[in-house]
Structure formats: structure tokens, C-alpha cells
Amino acid sequence: MSLFTKRILMLLIGFLAALMLWPCLLLIQYWQAAFPGYLLFTMAQGLIFGLVFGAAFGCFEGIVVSSRRKALRGLAFGAAFGLVSGSLGMLAGQAALLLAGNALFRSQAGRFGPGLILANGLGWALVGLAVALVEGLRARSGRKLLIGLLGGLCGGLLGGAALQALLAGFPGNSLALLAGLVAFGLALSFFYSFFENRFSAGSLKLLNGPLKDKEYLIARQRMIIGSDAACDIVLAGYPEVAARHAVLSIKQRKINIASLEPKLPLKVNDVTVAESGLRREDVIAVGKAKFFFGVFPAVLCALLLMAGRPAVAQESLLVTQVDASRLLATQTVRLYVDAPAIADPARLQAGLSVSESADGTTWLERPILSVARDRNRDEGISFFFLLDNSGSMWDNLAGQATDDPASQRIAHARQAIETFLTSVSEVDRVGMAIFNSRYWQVQACAPTVAGISRALQEIGRPEAEDAYTELYGSADLALRGFGESGRRKVLIVLSDGENYPYFTHRHEASPQFGETLALPDELAETASLEGISLYSVRLGPERDDAIGRVASSSGGRVFDAANRADMESIYHEIRRRVLAEYTVSYRAAMLAGGKRHVRLVWRPAAGQTAGAPAGQAERFYFAGNILGASGWQPAWYHPLFFILPLLAILALILFRLEKESDRAGLRLLYGFKGMSTKIFNLDSPQTIIGGAANADITIAGNPSLAGQHATILFDDKAGTYTVVGGGELTVNNQTVIKKKLEPGDVINMAGTVVVFDDKLAGTKSTKGKTRP
């Protein structure tokens with residue numbers, strides 16, 4: 001089975017799992033009213049989702065290596081793990097869906113459809129992650145866990161977004177759920193196989209025997225080769241192969257192979273070895289099975305954040321943020337309200353009402369649980385500054401090189417932060433980090449600021465190697481290392497340019513971040529999960545729009561500054577806004593649909609005509625089910641969607657997909673550009689191979705190939721084949737003039753590489769007659 005066939009099989013498994021899952025979810029959603037709440041309802045969906053997809057993904061590796069025992073064990077493990085991970089993943093996905101949906105809606109208030117689609121994708125990414133980790137946990141492989149992590153997140157994101165797009169485009173149609181599940185299954189399978197190829201250290205391709213053309217990715221630190229069904233590479237049916245014959249291991253980024261059975265042969269390029277490092281194009285013989293070793297090049301993938309910058313409303317009563325993170329657990333929602341003209345929380349609460357609506361037309365008033373204002377002032381705010389110290393920060397405000405310290409951008413930034421430090425209260429906590437090509441945390445959030453002041457004075461011009469702008473990577477480190485649980489958290493990022501990473505522009509590993517690139521969408525998700533508002537202060541004309549979108553989606557804001565005075569004003573404004581926020585908590589309603597409208601209305605109490613006028617503000621948040629709307633009606637044909645795919649998966653487990661060779665021939669492994677995979681039958685006692693038109697096998701496209709480069713001779717009495725060189729010739733990377741061929745031998749003719757193929761038993765052939 002080639003890698004291409006393996007990818008197709010992976011897609012088929014995902015497709016079949018999606019078909020099986022559809023009627024099960026319809027049944028659960030049909031009985032939604034019988035569940036006491038969203039928590040158990042979501043867990044039930046997760047249980048069946050994890051069971052089906054976990055079992056399907058768990059048996060895949062056994063199907064690939066043609067081991068029924070491994071497939072059935074994987075199916076059982078995947079089902080058991082899926083029950084747990086599916087429910088937890090669905091809960092986490094539902095929570096992430098709510099958080100991400102709210103963040104996206106804050107930044108795209110007028111773009112409900114696209115925002116919800118992406119938010120649903122983020123929620124599904126966590127569900128896909130839980131399912132895709134099955135094989136990594138079963139195999140106890142860190143590399144496969146990484147593959148599952150990336151494949152699950154990417155596949156879940158794309159599949160979930162497709163699911164929501166279909167549900168939004170075809171509301172009330174159960175086939176939209178089916179199409180969405182199929183999209184999820186295919187996306188998850190595609191990205192898992194994609195990252196499996198990219199993160200594998202290499203591959204072994206079987207060249208002969210009953211499993212000919214099957215390719216095995218080296219995706220674990222240690223892989224056992226043998227005839228036993230428990231091995232990672234199972235060679236059942238191959239002569240002279242021990243139950244545990246050899247072990248592959250990855251040591252210091254190199255792949256080694258070592259013998260586990262000294263009495264049976266292990267060869268590399270026809271040389272018997274006890275242990276050997278492997279190089280590209282090595283031919284490995286494990287008993288009578290022969291492999292061709294290949295190495296994969298590294299591939300860098302990137303995802304783009306698609307988000308919009310929020311419009312700043314100017315109403316006297318404004319809902320600045322909707323926090324639905326407690327919706328799943330306690331059915332409560334917290335609103336952050338900007339009402340500067342109302343100074344008394346009691347007065348605000350006396351005239352305040354909160355209503356919810358599924359369609360923006362019919363409203364249901366909700367009970368208010370609490371209204372508070374001075375929580376941030378009493379408990380303090382944790383501020384963390386992330387200061388750019390790249391090379392351009394040492395230019396003047398116009399972006400020109402200068403040696404005048406007072407006119408440099410870094411001087412303006414330093415003085416503005418110093419001014420802000422004098423305004424923090426005794427309950428506030430301040431931290432700071434400095435970044436360029438590297439990230440240096442000056443101080444974690446603390447009540448004292450002396451360390452920050454000292455570090456600001458000691459900042460020096462970076463060397464050329466340190467002058468890059470690792471904006472996203474540094475913001476990621478700052479978000480993940482923020483800490484300060486239970487407090488209002490504000491990250492202020494000051495930079496004078498766009499993200500300019502070391503690895504991307506120098507094409508070598510960064511001294512701080514290696515070859516890892518942080519992405520804006522990851523920053524937005526991290527900020528939401530950590531409960532941090534990111535404020536972006538962009539100094540100068542060059543601005544990174546993506547970090548601004550991250551700030552908007554996290555509940556922060558974007559400010560543009562030209563000089564020290566602007567920055568001082570901005571820092572004061574950030575603190576003032578956070579201190580002035582009201583928090584209004586209320587009990588949410590159980591409404592249909594994904595978009596939940598919130599209307600906040602304030603009217604002065606009777607006799608209180610002075611002061612702030614009546615006001616009204618509306619926002620919305622996401623409160624939908626990760627699997628879309630409910631209420632589907634079961635039909636007679638729904639069980640067929642479970643039974644038929646189940647039978648197909650069982651057939652894949654029970655029946656081998658490969659067919660053993662029954663005739664001799666040469667297969668083109670690879671050659672010059674334009675050559676495609678071909679099979680040449682050996683039907684005559686003598687077969688001449690070369691570039692000439694009169695050769696028995698003419699291989700064009702290689703100028704180094706002689707007219708009659710090699711001859712294959714067949715001994716009818718012994719039933720053996722021998723290759724004789726008429727030009728540059730190697731067999732299994734050993735230079736030869738003449739050599740008796742064995743099944744799986746790799747013949748290199750001046751860069752054109754073919755594989756000799758025949759039955760392992762050495763079947764005789766009738767002279768001059770084509771073998772069937």
C-alpha cells in the first residue's frame with residue numbers, strides 16, 4: 001500500500017465514521033428535551049462521537065499493516081478512549097466555541113455568519129484533537145501525539161467551519177448535519193495524514209512479497225519489525241523473518257536499525273549488520289523482505305487569522321464585553337458595561353433590565369444576579385508590558401537612522417512607561433518583557449516596579465542577529481506566562497512595526513524560537529482562554545494589522561501613537577477604562593439557535609430625572625450547540641447509515657488489500673523528470689534494458705543511460721534471474737558487473753532506479769512464454 005493509497009484509505013475511514021455517527025446524533029438530538037441541561041446533553045453527544053470516531057481511527061493502523069489483531073485491539077482501545085475523550089472534548093469544544101464565538105463577535109459585530117462559522121471551527125478543533133490523539137496514546141508515541149494534535153486542530157477547525165456553514169445555509173435540514181459530519185471526517189483524516197507525512201522521520205517501502213508497495217512511516221522513536229502481530233511493522237508470510245527481527249530507532253535526528261535476532265539475516269545494502277545508521281535510498285533486507293528507505297523534507301505550514309477590527313461605539317450605555325464562559329457550567333452570563341454617567345451601582349441596578357432573544361425580535365427578560373463596579377479598583381489590575389526592542393526602535397520617529405538618543409523611538413517608549421509606573425496603585429501589579437529576536441522577561445507581575453525602571457534604563461541597541469521582530473512569538477510567551485489567576489489581566493504590546501521573524505527571513509533556526517512560528521489565531525485563542533485583554537499600541541506609520549485583530553478579539557483595543565505624549569495618554573486611557581467598568585451578571589435563557597441577543601435597558605427610577613438619560617445597548621454572544629440545531633425527526637433509513645459503514649470497516653479489517661506478485665518484472669521506482677511509475681514484464685530468456693529504441697525495454701529521458709545498459713538473463717532450469725551490466729550499474733547500492741537477483745533488489749542504472757519483482761518462492765517460467 002503506497003502512501004497515496006494510505007491517504008485514500010484514511011479519508012475513507014473518516015467518511016465511513018461520519019456516516020455511522022449521523023443517525024446516532026440525530027437520535028440523541030431528537031431526545032434533547034429529556035436531558036436536564038446542556039451539560040449532560042453535550043456529554044452524551046461527546047460519548048457517542050468519541051466512541052464512533054475513536055474506534056474508526058483506532059483500527060486504522062491495524063488495517064494499514066494488514067494485522068487483524070492490531071486492528072481489533074486498536075478498535076477496542078479507540079472506542080474506550082473515545083468514550084472519555086469524546087465527552088471531555090465535546091465539553092471543551094463547547095466551552096471553546098462559546099469563548100471563541102464571543103471574541104469573534106466582539107470583533108465582527110456586523111458579520112454574524114463568518115464569525116460564527118470560524119468560532120464553531122475553533123470549538124470543533126478541540127473535539128478533533130481529542131479524537132486524533134487516539135493513535136498517539138495507543139502507540140505511546142510523542143511524535144504521533146504531535147501529529148494528532150496538529151491534525152485534530154486543523155481538521156477540526158476546517159471541518160467544524162464547514163459544518164456550521166452548511167447548517168447556516170440549510171437551516172432545519174438534517175442532511176446538512178450529515179454533510180457537515182462528512183466534511184469533518186474528511187478534513188480530520190486529511191490533515192492527520194498530511195501531518196503524519198510531514199512529521200515522520202522517513203519511510204520504508206516494501207519492495208517484494210505479499211505486502212509489496214506498502215509504505216510505513218517512521219513516526220515513533222522506536223519501531224519493531226517482525227512477523228508477530230504486535231510488531232509495528234508486521235511481516236507475516238515472509239520467510240526467514242523472526243517474531244521480533246529488528247528495531248528502528250531515532251537517535252539525535254538520525255535513524256538506526258539494529259538486529260534483535262542474530263541467527264536470522266539483517267542486511268543494509270547487501271551487507272549483514274548488527275546495527276547500522278540509515279541513509280536515503282538504502283536497501284534493507286529483513287529476512288526475505290526488502291525495504292527501500294526514504295527521508296521526508298520538512299514542510300512549514302501556516303494558518304491565517306481572519307478577523308475584523310471593532311467599531312468603537314459612543315453610546316452613553318455600552319456593553320463592552322460579554323463573558324459566556326460560565327454558561328455551560330452555571331447557566332450565567334456576565335456583561336462588562338461602560339456607563340460613565342451613572343456613578344452608583346445601586347442606581348444602575350434599580351433601573352436596569354436584561355433581556356435575551358434568539359431572533360432579535362421576541363425578547364425574554366432575565367433575572368439579574370449582581371451588579372458591581374469597583375471590583376477592579378479594589379482588587380487591582382495586573383498590567384504586563386511587552387516592549388519592542390528591535391533594530392527599528394532605535395530610529396527616530398520618522399523612521400530615519402539617528403545617533404541622537406533623545407529622538408529615538410525607544411527613548412519615547414521608555415519614558416512613557418516610566419510615567420505610567422508612577423500612576424499605578426498599591427493593589428496593582430506590573431510586569432514587563434522585552435523582545436526582538438529573543439524574548440526576555442524582565443519581571444513577572446509584582447507590586448514593585450523598581451526592577452522595571454532599572455531594566456528600562458539598561459536597554460541597549462541590539463546586534464544585527466537580535467534586531468528582528470518576533471512579535472507573535474513574544475506575545476504568545478507573554479500570554480502563556482502571564483499567570484495572575486483571579487485578577488483583571490491586561491497585556492499591553494508596544495511595537496513599531498510588523499511581525500518580522502528570524503526563521504522566516506534568515507531561513508535558519510531562531511536562537512529563541514527555533515523553527516516554531518506563532519500564529520495570530522493562536523494568540524487570539526490563548527488570550528481568550530487565559531482571560532487576558534490584549535491592548536496593541538502601534539508606534540509609527542508601519543503597523544501590524546494582525547496583532548490589532550488579536551487585540552480586538554481578546555476584548556482589548558488598538559491604539560496608534562506618534563510620540564511619547566500619545567503613549568502616555570493611551571496608557572492612562574487603558575487604565576481608566578478598565579477601572580470604570582461595571583459587571584452585570586444574570587441567568588441566561590434556554591433559547592434555540594446559536595446567536596443569543598442581549599438587550600440591556602436602563603431607565604431612571606421614578607423621581608430621578610436628573611443625571612444620566614435613559615439608555616439602551618444591545619450585543620450578542622454565541623450560545624449554540626457545537627453540533628448545530630436540534631429537533632431532527634428520525635426516519636426508517638437512518639439505521640442503514642450505521643449498519644452499512646460498520647460492515648465496510650469490518651471488511652477492511654478482515655480482508656487484506658494487497659495482492660502478491662505472480663510474475664517476474666521490473667518496476668520503475670524513480671528516474672528523471674517526466675518519468676512515471678511503470679511495470680516492465682520479464683517474459684524472455686534475455687531482456688536488454690537501455691535508452692536505445694531497439695532495446696527490449698526502452699527507458700527514455702535519462703541521457704546517461706547507455707543504449708544497452710543492462711541485460712536480465714533468465715535461467716529456466718533454476719528459475720532464477722541474473723543482471724549483467726553494460727554500463728554504470730549498482731544493485732542494492734553495491735557496484736556490480738553481474739549479480740543473481742532476488743525479489744526486491746533495487747537496480748540503479750545511471751540514475752534510473754528499478755525494483756526486481758518476483759514470487760518469494762522463485763517460481764519457474766516457461767521459456768519465451770508470458771507468466772500469468
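Modeller: Trp636 is found in the loop between strand E25 (615-622) and helix H18 (640-654). Helices (H or I, at least four residues) and strands (E, at least two) are DSSP runs, numbered from the N terminus. This is a predicted model: local features need pLDDT of at least 70, side-chain atom pairs count only at pLDDT 80 or more, and totals for chains, interfaces and linings use all residues. Residues are numbered from 1 along each chain as its sequence is written, and side-chain values use heavy atoms, with hydrogens and water left out.

Colleague: Is Trp636 buried or exposed?

Modeller: Exposed, because the relative accessible area of Trp636 is 72%. The classes: buried is under 20% relative accessible area, exposed over 50%, partly exposed in between (1.4 Å probe, protein chains only).

Colleague: And Tyr637? Which class?

Modeller: Tyr637 is partly exposed, at 30%.

Colleague: Which aromatic pair do Trp636 and Tyr637 form?

Modeller: I'll come to that after another pair. The structure holds 17 aromatic pairs. Phe77 and Phe81 make a stacked one, 6.2 Å centre to centre with 5° between the planes. Rings of Phe, Tyr and Trp (its six-membered ring) pair if their centres lie within 6.5 Å; planes under 30 degrees apart count as stacked, over 60 as edge-to-face and the rest as tilted.

Colleague: Where do Phe77 and Phe81 lie?

Modeller: Both are in helix H3 (residues 68-107), 4 residues apart, about one turn of the helix. Phe77 is partly exposed at 31%. Phe81 is partly exposed at 23%. Now yours: Trp636 and Tyr637 are edge-to-face, 5.6 Å centre to centre and 90° between the planes. Those two also belong to one aromatic cluster with Trp22 and Phe641.

Colleague: New topic. How many residues of strand E20 are buried?

Modeller: 8 of the 8 residues in E20 (residues 488-495), so the strand is largely enclosed by the rest of the structure.

Colleague: Which residues sit on each side of E20?

Modeller: Arg488, Val490, Ile492 and Leu494 are on one side, and Lys489, Leu491, Val493 and Ser495 on the other. In a regular strand the side chains alternate between the two faces of the sheet.

Colleague: How many bridges join E17 to E20?

Modeller: 7 bridges join strand E17 (residues 381-388) to E20, in parallel. Strands pair if DSSP finds at least two bridges between them. Ser382 stands opposite Lys489 there.

Colleague: What about E20 and E21?

Modeller: E20 also pairs with strand E21 (residues 532-539), parallel, over 7 bridges. Ser495 is opposite Arg538 in E21.
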